[in-house]
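User: I have a model open and want a quick tour. Can you walk me through it?
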Amino acid sequence: MAGGSRAPSPAPTVSLPELRSLLASGQARLIDVRSREEVAAGTIPGALNIPVSELESALQMEPAAFQALYSAEKPKREDENLIFFCQVGKRGSQATQLARGLGYTGARNYAGAYREWLEKDG
């Protein structure tokens with residue numbers, strides 16, 4: 001779609017079957033951007049919780065500070081499958097756009113979000 005407007009393009013997404021195969025092969029880095037209260041009620045196994053309100057500062061931290069705060073290795077800008085998700089998809093999309101804006105070229109949104117995961121898996 002050509003045009004002079006600089007609206008952000010929609011965040012690239014990942015489907016549930018694709019997510020399952022990436023997780024099964026250990027190739028996905030999953031980040032749950034919901035609040036800690038939401039995550040306490042359940043999340044996708046292996047996901048790291050970074051609420052969307054903290055994400056920008058988290059992705060700009062030094063790796064050691066990130067490790068200390070989140071007890072996990074900081075994602076690298078070149079990580080191919082950095083997948084964000086939330087409850088229904090909106091915050092995950094915002095998070096993906098934010099990460100891509102910071103140079104995380106492999107950032108994608110699991111558009112089905114936790115709601116779909118729970119319906120199909122949980």
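**Loops, sheet and helices**

Analyst: Let's start with a loop. S71 lies between helix 4 (63-70) and strand 4. Keep in mind that this is a predicted model.

User: What is the phi of S71 like?

Analyst: Phi of S71 is positive, about 50 degrees, although S71 is not a glycine. Most residues other than glycine have a negative phi.

User: Is S71 buried or exposed?

Analyst: S71 counts as exposed, because its relative accessibility is 62%.

User: Which residue in helix 6 also deserves a look for its phi?

Analyst: A113, which lies in helix 6. Its phi is near 65 degrees, a positive value in a residue other than glycine.

User: And is A113 buried or exposed?

Analyst: A113 is buried, with a relative accessible area of 0%.

User: OK, new topic. Where does UniProt put the "active site" feature?

Analyst: At C86, according to the UniProt record, which is an unreviewed entry. C86 sits in the loop between strand 4 (82-85) and helix 5 (90-101).

User: Buried or exposed, that C86?

Analyst: C86 counts as buried, because its relative accessibility is 1%.

User: What does C86 touch?

Analyst: Leaving out residues up to four places away in sequence, C86 touches V33, R34, R91, G92, A113 and Y114.

User: Take me across from strand 1. How many bridges does it make with strand 5?

Analyst: Two bridges join strand 1 to strand 5 (residues 107-110), in the parallel sense. V14 stands opposite Y110 in strand 5.

User: Which way do the residues of strand 5 point?

Analyst: A107 and N109 point one way, and R108 and Y110 point the other way. All of them are buried.

User: Next pair. What joins strand 4 and strand 5?

Analyst: Three bridges, again in the parallel sense. F84 stands opposite N109 in strand 5.

User: And what about strand 2 with strand 4?

Analyst: Strand 2 (residues 29-32) and strand 4 run parallel, joined by four bridges. L30 has I83 as its bridge partner in strand 4.

User: Switching to helices. At what angle do helix 1 and helix 6 cross?

Analyst: The axes of helix 1 (residues 16-24) and helix 6 (residues 113-120) cross at roughly 80 degrees. They come within 11 Å. Helix 1 and helix 6 are therefore roughly perpendicular to each other.

User: Which residues make that contact?

Analyst: From helix 1, L16, L19, R20 and L23. From helix 6, E116, W117 and K120. By class, the contact has four nonpolar, no polar and three charged residues.

User: Tell me about K120. What does it touch?

Analyst: Apart from residues up to four places away in sequence, K120 touches L16 and R20. L16 is 104 residues apart from K120 along the chain, and their C-alpha atoms are separated by 8.9 Å.

User: Is K120 buried or exposed?

Analyst: K120 is exposed, with a relative accessible area of 52%.

User: One more. Where is E54?

Analyst: E54 is in helix 3 (residues 52-59). E54 is partly exposed, with a relative accessible area of 21%. The cut-off for buried is under 20%.

User: What are its contacts?

Analyst: E54 touches R36 and Y70, again not counting residues up to four places away in sequence.

User: How far is E54 from F84?

Analyst: Their C-alpha atoms are separated by 13 Å. Along the chain, E54 and F84 are 30 residues apart. F84 is the residue that stands opposite N109 in strand 5.

How values were computed:
Residues numbered from 1 in each chain as written. Predicted model: local features only at pLDDT ≥ 70, side-chain atom pairs only at ≥ 80, totals over all residues. Heavy atoms only, no water. Axes fitted to C-alpha atoms, helices over the stretch in contact; angles between N-to-C directions. Parallel < 35°, antiparallel > 145°, perpendicular 65-115°, else oblique. Contact = heavy atoms within 4.5 Å. Nonpolar A, V, L, I, M, F, W, Y, C, P; charged D, E, K, R; others polar. Pairing = 2+ DSSP bridges. UniProt positions renumbered as here; feature names shortened; annotations may be inferred. Buried < 20%, exposed > 50% of the residue type's maximum accessible area, 1.4 Å probe, protein only.
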